[in-house]
Amino acid sequence: MSAIFNFQSLVLVILLLICTCTYVRAQAPSLIDRNKTGPLGLFWKAARIGERLSPYVSLACFIMALSILIS
């Protein structure tokens with residue numbers, strides 16, 4: 001089943017996107033910051049969400065990991 005039709009997989013993909021974009025922006029800011037608009041602006045927005053809401057994103061990652069381990 002694809003990640004679009006399974007809610008748990010969709011949330012996992014979104015969390016991984018946010019975490020990956022935040023990590024890449026911390027390592028190489030110019031890579032993410034040059035594309036603030038357009039379709040690639042999605043990665044910049046995901047990095048901003050990861051930076052500003054990092055406690056909530058890490059809590060969501062922890063809950064998702066527990067959910068996957070239990071099921």
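## Arg25 and its setting

At 17% relative accessibility, Arg25 counts as buried, where buried means under 20% relative accessible area, exposed over 50%, and partly exposed in between (1.4 Å probe, protein chains only). The residue belongs to helix α1; helices (H or I, at least four residues) and strands (E, at least two) are DSSP runs, numbered from the N terminus. Leaving aside neighbours within four places in sequence, Arg25 is in contact with Ile32, Asp33, Trp44, Ala47, Arg48 and Glu51, contact meaning heavy atoms within 4.5 Å.

## Basis of the model

This is a predicted model, in which local features need pLDDT of at least 70 and side-chain atom pairs count only at pLDDT 80 or more, while totals for chains, interfaces and linings use all residues. Residues are numbered from 1 along each chain as its sequence is written, and side-chain values use heavy atoms, with hydrogens and water left out.

## Overall layout

The protein has 4 helices and 0 strands, and its elements run α-α-α-α from the N terminus on. Its C-alpha atoms fill a box of roughly 40 × 25 × 15 Å, taken along the principal axes.

Of the 71 residues, 17% count as buried. Among contacts between residues at least 6 apart in sequence, 55% join residues at least 24 apart.

## Salt bridges

A search of the whole structure finds 3 salt bridges, a salt bridge being a side-chain nitrogen of Lys or Arg within 4 Å of a carboxyl oxygen of Asp or Glu. Side chains of opposite charge can pair when their charged atoms come close. In one of the pairs, Arg25 bridges to Asp33, with the closest N and O atoms 2.8 Å apart. Asp33 is partly exposed, at 24% relative accessibility.

Arg25 also pairs with Glu51, and here the closest N and O atoms are 2.5 Å apart. This pair links distant parts of the chain: Glu51 sits in helix α3 (residues 41-52) and Arg25 in helix α1 (residues 7-27), 26 residues apart. Glu51 is partly exposed, with a relative accessible area of 32%. Glu51 has a further salt bridge with Arg48, where the closest N and O atoms are 3.4 Å apart. Both Glu51 and Arg48 lie in helix α3, 3 residues apart, about one turn of the helix. Arg48 counts as partly exposed at 23% relative accessibility. Together, Arg25, Asp33, Arg48 and Glu51 are linked in a network of salt bridges.

## Packing of α1 against α3

The axes of α1 and α3 come within 7 Å and cross at roughly 90°. These axes are lines fitted to C-alpha atoms, for helices over the stretch in contact, and angles run from 0 to 180 degrees between N-to-C directions. The two helices, α1 and α3, are therefore roughly perpendicular to each other; angles of 65 to 115 degrees count as roughly perpendicular, under 35 as roughly parallel, over 145 as roughly antiparallel and the rest as oblique.

On the α1 side, the contact is made by Leu17, Ile18, Cys21, Thr22 and Arg25, and on the α3 side by Phe43, Trp44, Ala46, Ala47, Arg48, Ile49, Gly50 and Glu51. The residues of this contact divide into 8 nonpolar, 2 polar and 3 charged. In this scheme Ala, Val, Leu, Ile, Met, Phe, Trp, Tyr, Cys and Pro count as nonpolar, Asp, Glu, Lys and Arg as charged, and the others, Gly among them, as polar.

## Nonpolar core and Ile32

In soluble globular proteins, nonpolar side chains tend to be buried together. The largest nonpolar core here has 8 residues: Leu15, Ile18, Cys21, Ile32, Ala46, Ala47, Val57 and Met64. Such a core is a set of buried Ala, Val, Leu, Ile, Met, Phe, Trp, Tyr and Cys residues joined through side-chain atoms within 4.5 Å. Helices α1, α3 and α4 (54-70) each supply at least two residues of the core, and the largest share, 3 residues, comes from α1.

Ile32, one of the core residues, is in contact with Cys21, Val24, Arg25, Phe43, Trp44 and Ala47, leaving aside its neighbours within four places in sequence. The C-alpha atoms of Ile32 and Leu42 are separated by 9.7 Å, with the two residues 10 apart along the chain. Leu42 lies in helix α3 and is partly exposed, with a relative accessible area of 49%.
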